[in-house]
Amino acid sequence: MEPQLMFVRATSSVPGISAIYGYESTGQPVGVHQGVPSGSLTVVISLDDPIEMADDAESWQRGRTRAHDALVSGLHTRPAYIRQPVSERGIQLAVHPLAARRLFGMPTAELAQRTWEAESVLGPDARQLRQRLHEIDSWPARLAAVEEYFTTRAGLPSTVRREVTGAWSCLASAGGARSVAELADEVGVSERQLSKLMTQELGVGPKMLARLLRFDHALGRIGAQVRAGTTPNLAEIAVRCGFYDQSHLARDFHLFTDRAPSRFVADEFRNIQAGGHQPPTGLTS
């Protein structure tokens with residue numbers, strides 16, 4: 001049977017949720033999929049078997065895996081390793097890190113560098129949501145149910161420092177191509193103070209956040225060129241996304257995916273072509 005992979009993408013009206021989509025695959029070869037780092041938090045609700053994964057390559061190789069019916073992943077700087085079954089179906093959301101307090105009741109820093117069972121973050125109603133989704137037989141209705149659920153959570157108290165929101169806005173609007181000195185000057189604090197404030201809120205400092213957003217920007221351009229039927233021009237993408245050169249781009253790809261850009265595109269080609277690895281919108285606020 002020819003493998004089939006489908007994404008059903010929808011816009012979200014919930015503040016802080018920048019992307020929501022359903023995914024469904026059949027006939028895939030059993031293997032390993034990598035969840036690459038990005039500038040968003042990730043929520044995944046499986047509608048099939050639990051998601052078997054490890055947070056890093058060493059844990060995967062040693063068999064130290066965990067299984068999640070639904071998960072929440074914080075900002076991370078290394079790829080997660082996920083078992084790819086023959087078939088799978090679920091819903092995934094991209095959540096703005098500055099919305100974690102409002103949607104999850106905690107700062108992003110408390111989720112950093114790890115993946116959590118959704119129930120431990122969202123509470124027992126996360127299980128009820130998953131059960132409800134199993135009873136719905138269309139993608140539009142499933143996505144609407146998820147949006148309704150998060151709409152009810154969007155009123156949690158949120159007190160993010162203006163220096164953090166200002167630095168994020170500057171970084172995101174520049175695709176990550178701003179220095180820590182420029183950010184600190186923009187929001188009126190020292191570089192050291194800005195690094196402290198952002199790490200306390202996000203779990204990563206401004207330099208690493210800039211690399212994540214720049215990587216997001218490059219990955220989005222690569223995906224767009226693949227879906228347009230062309231071979232990604234990595235040298236051009238490097239320049240347009242604020243890297244010094246193609247070698248600089250390759251170094252960040254090795255950091256965030258454990259692979260060279262060309263190998264990443266080859267391994268993820270079917271996923272990218274079907275609509276995966278699209279950068280979420282709404283990361284500028």
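Residues are numbered from 1 along each chain as its sequence is written, and side-chain values use heavy atoms, with hydrogens and water left out. Because the model is predicted, local features need pLDDT of at least 70 and side-chain atom pairs count only at pLDDT 80 or more, whereas totals for chains, interfaces and linings use all residues.

Helix α8 (residues 191-202) takes part in two helix contacts, one of them with helix α7 (residues 180-187). Helices (H or I, at least four residues) and strands (E, at least two) are DSSP runs, numbered from the N terminus. The axes of α7 and α8 come within 9 Å and cross at roughly 90°; axes are lines fitted to C-alpha atoms, for helices over the stretch in contact, and angles run from 0 to 180 degrees between N-to-C directions. The two helices α7 and α8 are therefore roughly perpendicular to each other, a term for angles of 65 to 115 degrees. On the α7 side, the contact (heavy atoms within 4.5 Å) is made by Val180, Ala181, Leu183, Ala184 and Val187, and on the α8 side by Glu191, Leu194 and Ser195. By class, this contact has 6 nonpolar, 1 polar and 1 charged residues. Here Ala, Val, Leu, Ile, Met, Phe, Trp, Tyr, Cys and Pro count as nonpolar, Asp, Glu, Lys and Arg as charged, and the others, Gly among them, as polar.

The axes of α6 and α8 also come within 9 Å and cross at roughly 90°, and these helices are therefore roughly perpendicular to each other. Glu163, Val164, Ala167 and Trp168 of α6 meet Leu194, Leu197, Met198, Glu201 and Leu202 of α8. This contact comprises 7 nonpolar, no polar and 2 charged residues.

A search of the whole structure finds 1 cavity of 30 Å³ or more, and about 50 Å³ of space lies in the largest cavity. On a 1 Å grid over the protein atoms alone, a cavity is a set of points where a 1.4 Å probe fits but cannot get out, and a pocket is an open set with protein on both sides within 12 Å along at least five of seven lines; lining residues have an atom within 4 Å of a point. Grid points are joined across faces, edges and corners, and a volume is the space filled by probe spheres set on the points. Residues lining the largest cavity include Val43, Ile45, Leu129 and Arg130. The largest share of this lining, 3 residues, comes from α4, and the lining divides into 9 nonpolar, no polar and 1 charged residues.

The second largest pocket has a volume of about 270 Å³. Of its 14 lining residues, Arg178, Lys207, Arg214, Tyr244 and His248 lie nearest its centre. Helix α9 supplies the largest share of the lining, 5 residues. By class, the lining has 5 nonpolar, 4 polar and 5 charged residues.

Ser73, in strand β7 (residues 70-73), is buried, with a relative accessible area of 8%. Pro157, found in the loop between α5 and α6, is exposed, with a relative accessible area of 70%. Buried means under 20% relative accessible area, exposed over 50%, and partly exposed in between (1.4 Å probe, protein chains only). Leaving aside neighbours within four places in sequence, Ser73 is in contact with Leu41, Thr42, Arg114 and Thr115, and Pro157, not counting residues up to four places away, touches Arg101 and Arg102.

Key. Angles under 35 degrees count as roughly parallel, over 145 as roughly antiparallel, 65 to 115 as roughly perpendicular and the rest as oblique.
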